[in-house]
Amino acid sequence: MGDGDVDGVLPTEVQRQPEGRRHYEERQHKPGSAEQESRPNSRDDDPEKPGPDQPSREGEPAGVGQEDLGRGEQGEAWDEDLPPLRNEDQNRPEGTEDSSGIQQEQPTLRLRDRKRRVIGSWERVLVLAPHTDDGEFGCGGTMARLVEEGSDVRYVAFSIATRSLPEGFAPDTLAREVKDATAELGIPPANLTVHDFDVRTFPKHRQDILELLVELWEDWRPDAVFQPSLHDIHQDHQVIAAEGLRAFKRTTILGYEIPWNNFDFAYQAYFSLREEHVAKKVAALAKYESQQHRRYSDKEYIRNVARTHGINVNREFAEVFEVYRVVA
Ligand SMILES: [Zn+2]
């Protein structure tokens, strides 16, 4: 892999990303704009200021059931302790008890997971991928679920590794592959931005990367940001994780898991997934033909990680995240 000097964004069609840039501008907040007024849960530019339909609820725990209070679900927002719904119990085989004495249910994405409790309330979600495919590995299933639940998901990659591809692949291979991969997850091309910092040189470009991230915050104001874990040992991943915290400290930030790069990981936030979400994650990663020689590209491995995390919280599948900040 090359580590020559780059100045960040190369002058190729993808790196100029006219669609992505235009997209930011379209979404830039304009007080009183039609877009802003038409969005049911739109907020003022000030992220600390609750909107007219988001009453301030100081003293309540952040991120628990409060996001839908403006959507007419007040009566359903606080049923965390209720037993599973009866119609989901009926076809369940005999359960078992775990060490806590809690009856174990048949793993499934239960109705209350699907209700717009946490992730369904996020209108704009940003995924930061140091290299193309990191985002899919870390949160591909969650991206598929977010898209399904109506979130606008943006994917920003910082390297297409033009100098470290296997022999025989064109320099722009990963730019094409990431487009196909994110399309599998339901992310439109306009929501994809690809930069090309050289692999393993991100520490040299830390300030440039921070400025790109700050621009994203100012233009788009994501409700949640997915980024690498602070425990990820890859030098490029570390830069995105550290600068992500700086740029997005006023919103929710979660760290995704790249198991082979995480020397430590706190299992804090689980997002349950259904079979089709995992299938989309596997299909997305299969689009990276140039990376199929890597052992972690094995589809059974990808499914098994999601299965393992699902079982840990008695769901069918899940992805797990570190929680750096929750702003609700
Ligand atoms: Zn990476």
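**Exercise 1. Find which residues of helix H8 are buried, and work out how they sit around the helix.**

Start with the burial count: a residue is buried if 20 or more other C-beta atoms, placed from the backbone, lie within 10 Å of its own, exposed if 12 or fewer, and partly exposed in between. By that count, Ile209, Leu212, Leu213 and Leu216 of H8 are buried. Now look down the axis of H8: the buried residues fall within an arc of 95°, so they line one face of the helix. (The arc is taken from the directions running from the helix axis to the C-beta atoms.) As a reminder, an α-helix has 3.6 residues a turn, so residues three or four places apart point the same way.

Before going on, a word on the model. It is predicted, with local features needing pLDDT of at least 70 and side-chain atom pairs counting only at pLDDT 80 or more, while totals for chains, interfaces and linings use all residues. Numbering starts from 1 along each chain as its sequence is written.

**Exercise 2. Say what the buried residues of H8 pack against, and what follows the helix.**

Helices (H or I, at least four residues) and strands (E, at least two) are DSSP runs, numbered from the N terminus. Contact means C-beta atoms, placed from the backbone, within 7 Å. The partners are strand E1 (124-129), strand E2 (152-157) and helix H9 (235-247). After H8 comes Arg221, with a positive phi near 50°.

**Exercise 3. Which members of the largest nonpolar core touch the most other members?**

A nonpolar core is a set of buried Ala, Val, Leu, Ile, Met, Phe, Trp, Tyr and Cys residues joined through C-beta atoms within 7 Å. Of the 60 residues in the largest one, the answer is Val127, Leu128, Met143, Val153, Tyr155 and Ala157. Helix H6 (residues 134-148) gives this core its largest share, six residues. Zoom in on Ala157: leaving out residues up to four places away in sequence, Ala157 touches Ala129, His131, Thr132, Val178, Val194 and His195.

How values were computed:
Contact = placed C-beta atoms within 7 Å.
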